[in-house]
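Q: Please give me a close look at one part of this structure. I want the strand pairing, the packing around it and the cut-offs behind each term.

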Amino acid sequence: MCGRFTITADTIEVIDTFSVKDMHYEHTPRYNIAPSQTIAVINNNGRRVLDGYRWGLVPRCAKDIKIGFSMINARAETLDTKPAFRNLLAKNRVVIPADGFYEWLKDDDGKQPYRFVLKEQRLFGFAGLYDEWKDSKGDILRSCTIITTQPNELVQSVHDRMPVILEKDAVDEWLDPGITKTEHVLELLRPYPAGLMNSYPVSKAVGNVRSTDAGLIEEVPLNSK
């Protein structure tokens, strides 16, 4: 699964990288993004919009918002068979800006977190889906999930899944509202090449959602607590 990630770039860099035309959400750099928080997403209904959605998909048919805690990720291999996701593939696609994600490796002292980044040290986009849920008062909640796939050779040494990182051309296709054939977009959901990524150990403090400082993304010795 993908349960924590980072986006250290500012709003202007996000806008420039993803050719955003409208801004409905003011992003700030974040070093330990966790489920149930509001995160930056790029949507496209004719114009690319930077917006803020809750991380953890709450389907429109859900009876309780708490279901979102179990739907922070969606497996690429079963998107077209799971009812909660199948109907979102045609038109409810979003890109989630990031520049790194965390995974944990079990060791003799518990679990050691690693941060995964691109070698180019640049922003990238996770493939995501969103939905709209209405509460008893009629208020609308927009929420999203990050799609995961089989790990590449780098990630598999730590975890058995990885988030789908879209290559530059794939971002344009994933956000294209004119592409509605699910078989086409499903082909975009593949592991990012391991040779274009790096990973390194970080502080175990990242396991605490209340830890949010910039020091979390710094490399630490493996014997560090």
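A: Two strands pair if DSSP finds at least two bridges between them. Strands themselves are DSSP runs of E, at least two residues long, while helices are runs of H or I of at least four; both are numbered from the N terminus. This is a predicted model: local features need pLDDT of at least 70, side-chain atom pairs count only at pLDDT 80 or more, and totals for chains, interfaces and linings use all residues. Residues are numbered from 1 along each chain as its sequence is written, and side-chain values use heavy atoms, with hydrogens and water left out.

Take strand β11 as the part to study. It spans residues 140–149, and eight of its 10 residues are buried. Buried means under 20% relative accessible area, exposed means over 50%, and partly exposed lies in between (1.4 Å probe, protein chains only).

Now its partners. Strand β10 runs antiparallel to β11, with seven bridges joining them. Within this pair, Tyr130 stands opposite Cys144 of β11. The two strands form a hairpin with five residues between them. In that turn, Gly138 has a positive phi of about 90°.

Strand β5 (residues 48–55) is parallel to β11 and is joined to it by two bridges. Here Trp55 has Cys144 as its bridge partner in β11. Strand β6 (residues 73–75) also pairs with β11 in the parallel sense, over three bridges. Strand β12 (residues 162–163) pairs with β11 in the antiparallel sense, over two bridges. There, Thr149 stands opposite Met162.

Next, the hairpin partner. Ala127 sits in β10, which covers residues 124–134. Ala127 counts as buried because its relative accessibility is 0%. Leaving out residues up to four places away in sequence, Ala127 touches Val94, Thr145, Ile146, Ile147, Val164, Leu166, Trp174 and Leu189. Contact here means heavy atoms within 4.5 Å. Ile33 is 94 residues from Ala127 in sequence; C-alpha to C-alpha, they are 16 Å apart.

Outside four places in sequence, its contacts include Cys144, Thr145 and Ile146, along with Phe5, Phe124, Gly125, Phe126 and Gly128.

What core do these residues build? A nonpolar core is a set of buried Ala, Val, Leu, Ile, Met, Phe, Trp, Tyr and Cys residues joined through side-chain atoms within 4.5 Å. The largest one has 58 residues; Phe5, Ile96, Phe101, Phe126, Ile147, Leu166 and Trp174 touch the most other members. Strand β10 gives the most to this core, with five residues. Another core lies apart from it, with eight residues, among them Tyr31, Val202, Val206 and Leu216. In soluble globular proteins, nonpolar side chains tend to be buried together.

Aromatic rings run through this region. Rings of Phe, Tyr and Trp (its six-membered ring) pair if their centres lie within 6.5 Å; planes under 30 degrees apart count as stacked, over 60 as edge-to-face, and the rest as tilted. The whole structure holds seven aromatic pairs. Phe5 and Phe126 have ring centres 5.5 Å apart and planes at 85°, so this pair is edge-to-face. It links distant parts of the chain: Phe5 lies in strand β1 (residues 5–7) and Phe126 in β10, 121 residues apart. Both are buried. Phe5, Trp55, Phe101, Phe116, Phe124 and Phe126 form one aromatic cluster.

Two charges sit over rings. The criterion is NZ of Lys or CZ of Arg within 6 Å of the ring centre and within 35 degrees of the ring normal. Arg93 lies over the face of Trp174, 5.6 Å from the ring centre. The charged end of Arg54 sits over Phe69, also at 5.6 Å from the ring centre.

Last, another sheet. Five strands form an open sheet with antiparallel pairing, in the order β3-β1-β8-β9-β14. β3 (30–33) and β14 (197–201) stand at the edges, each with a single partner strand, so one side of each has no neighbour in the sheet. Strand β9 (residues 110–118) is joined to β14 by five bridges, and the two run antiparallel. Leu118 has Met197 as its bridge partner in β14.
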